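These are notes on a structure for a colleague who has not seen it before. The numbered points below can be read beside the sequence and the model.

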Amino acid sequence: MNQTLAIANQKGGVGKTTTCVNLAASLVSNGRRVLLVDMDPQGNATVGSGVDKDTLEASNYELLMGEASARSVRCREVRGGFDLLPANGDLTAAEVGLMAAGEGREKRLQTAIATCRDDYDHILIDCPPSLNLLTLNAFVAADHVLIPIQCEYYALEGLSALLNTIHRIQQTVNPALEIEGLVRTMFDGRNNLSNQVGAQLLAHFPGQVYRTQIPRNVRLAEAPSHGLPVLQYDRSSRGAVAYLALAAELLRRQRAAGADAGGLR
Ligand code: ADP
Ligand code: MG
């Protein structure tokens, strides 16, 4: 069973890109075939995968504009072992182009990746920090949404807007969309606030919060400047171990959901 997972939160700096790149590499190390789709014009997932965003022959701009196919745009086997549909600042123009496109504009990504969906077990989509047409395209293409939550004071602010958006999508363009779960990022167990926010999430979203907590770890912050997932940068770091655990938990939940639809969720 393959899965298309949008990694989304309209807040910036909560660990979306870090989760996307490192979950992708960790799934690959579990023998899974993975495609990472960079839907943020900042191109952080592209750079963090070791690909130069400034010298791309084609990117997700051409993909969304219907000027190139997913197979021609994708970079095969980047350093984390996954394939990448890369992005750079051109994607901002794609968003403007989509606004003018009219009917079907929210389905461009879904249509584009359908052609290579069977090449992968997991397609991970890194969303931009806003609920715009690029994020909407991700929510239409996806069957699950993973929400990274930074365990700090304003963590829950904006979460209801995100959940409302997902709800609206479920009622209209993509009834199959499900929330895969919430992941606590940049967790610091010595910090009371981190613990309080973590506990609050568990109370509000029973069964939906991943048990794995991603710790604040400097190796996770350093790895992108080397164009590497943390697994390739420092395999024994706490960050690498945590993302391997997150991948294992995701695979367990997927197996459980397959065996007993609705069981664990
Ligand atoms: P987003 O994609 O949501 O904007 P990022 O994944 O880019 O967030 O993370 C924001 C910043 O925090 C980046 O500089 C990243 O390297 C750093 N970062 C993310 N997760 C962690 C972590 N667990 N520990 C330390 N630094 C982190
Ligand atoms: Mg990002």
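1. H1 is followed by Gly31, whose phi is positive, near 80°. Helices and strands here are DSSP runs numbered from the N terminus, with helices being H or I over at least four residues and strands being E over at least two. H1 has 14 residues and spans 20 Å from its first C-alpha to its last. That is close to the 20 Å expected at 1.5 Å a residue, where the expected span is 1.5 Å times one less than the number of residues. H1 is mostly covered, with 13 of its 14 residues buried. A residue counts as buried if 20 or more other C-beta atoms lie within 10 Å of its own, as exposed if 12 or fewer do, and as partly exposed in between, with C-beta atoms placed from the backbone.

2. On the source: this is a predicted model, in which local features need pLDDT of at least 70 and side-chain atom pairs count only at pLDDT 80 or more, while totals for chains, interfaces and linings use all residues. Residues are numbered from 1 along each chain as its sequence is written, and chains are lettered from A and ligands numbered from 1 in the order in which they are written.

3. Which residues come nearest to ligand 1? Of the 18 residues around ligand 1, these are Gly15, Lys16, Thr17, Thr18 and Ala221; a residue is near a molecule if its C-beta atom, placed from the backbone, lies within 6 Å of it. Helix H1 (16–29), strand S6 (178–187) and helix H10 (218–222) are the elements that give two or more residues to this shell. The largest share, 3 residues, comes from H1.

4. The shell around ligand 1 divides into 7 nonpolar, 9 polar and 2 charged residues. In this count Ala, Val, Leu, Ile, Met, Phe, Trp, Tyr, Cys and Pro are nonpolar, Asp, Glu, Lys and Arg are charged, and the others, Gly among them, are polar.

5. Helix H5 (residues 90–101) has 12 residues and reaches 17 Å from first C-alpha to last, close to the expected 16 Å. Its buried residues are Leu91, Ala94 and Leu98. They lie on the same side of H5 because they cover an arc of only 40° around the axis, the arc being that of the directions from the helix axis to the C-beta atoms. An α-helix has 3.6 residues a turn, so residues three or four places apart point the same way. On the other side of H5, Val96, Met99 and Ala100 are exposed.

6. The cover over the buried residues of H5 includes helix H3 (60–64), helix H6 (108–114) and helix H7 (133–141); two residues are in contact if their C-beta atoms, placed from the backbone, lie within 7 Å. Just after H5, Gly102 has a positive phi of about 75°. Ala100, in H5, has 7 C-beta neighbours inside 10 Å and so counts as exposed.

7. How many of the residues of H7 are buried? The count is 9 of 9, and among them are Leu133, Phe139 and Val140. The buried residues of H7 pack against strand S1 (3–7), H5, H6, strand S4 (122–126), strand S5 (144–150) and helix H8 (159–171).

8. Two residues call for a check of the backbone. Most residues other than glycine have a negative phi. Glu77 is not a glycine, yet its phi is positive, about 40°. Glu77 lies in the loop between helix H4 (70–73) and strand S3 (83–85) and is exposed, with 11 other C-beta atoms within 10 Å. Met186, also not a glycine, has a positive phi of about 50°. Met186 is in strand S6 and is buried, with 22 other C-beta atoms within 10 Å.

9. Asn164 is found in helix H8 and counts as exposed, with 11 C-beta neighbours inside 10 Å. Asn164 and Asp40 are 124 residues apart in sequence and 21 Å apart in space, C-alpha to C-alpha.

10. The UniProt record, an unreviewed entry, places the feature "domain: AAA" at residues 3–179. Its positions are given in the numbering used here, feature names are shortened, and annotations may be inferred rather than shown by experiment. Over residues 3–179 the chain is 39% helix and 15% strand, with the end C-alpha atoms 12 Å apart.
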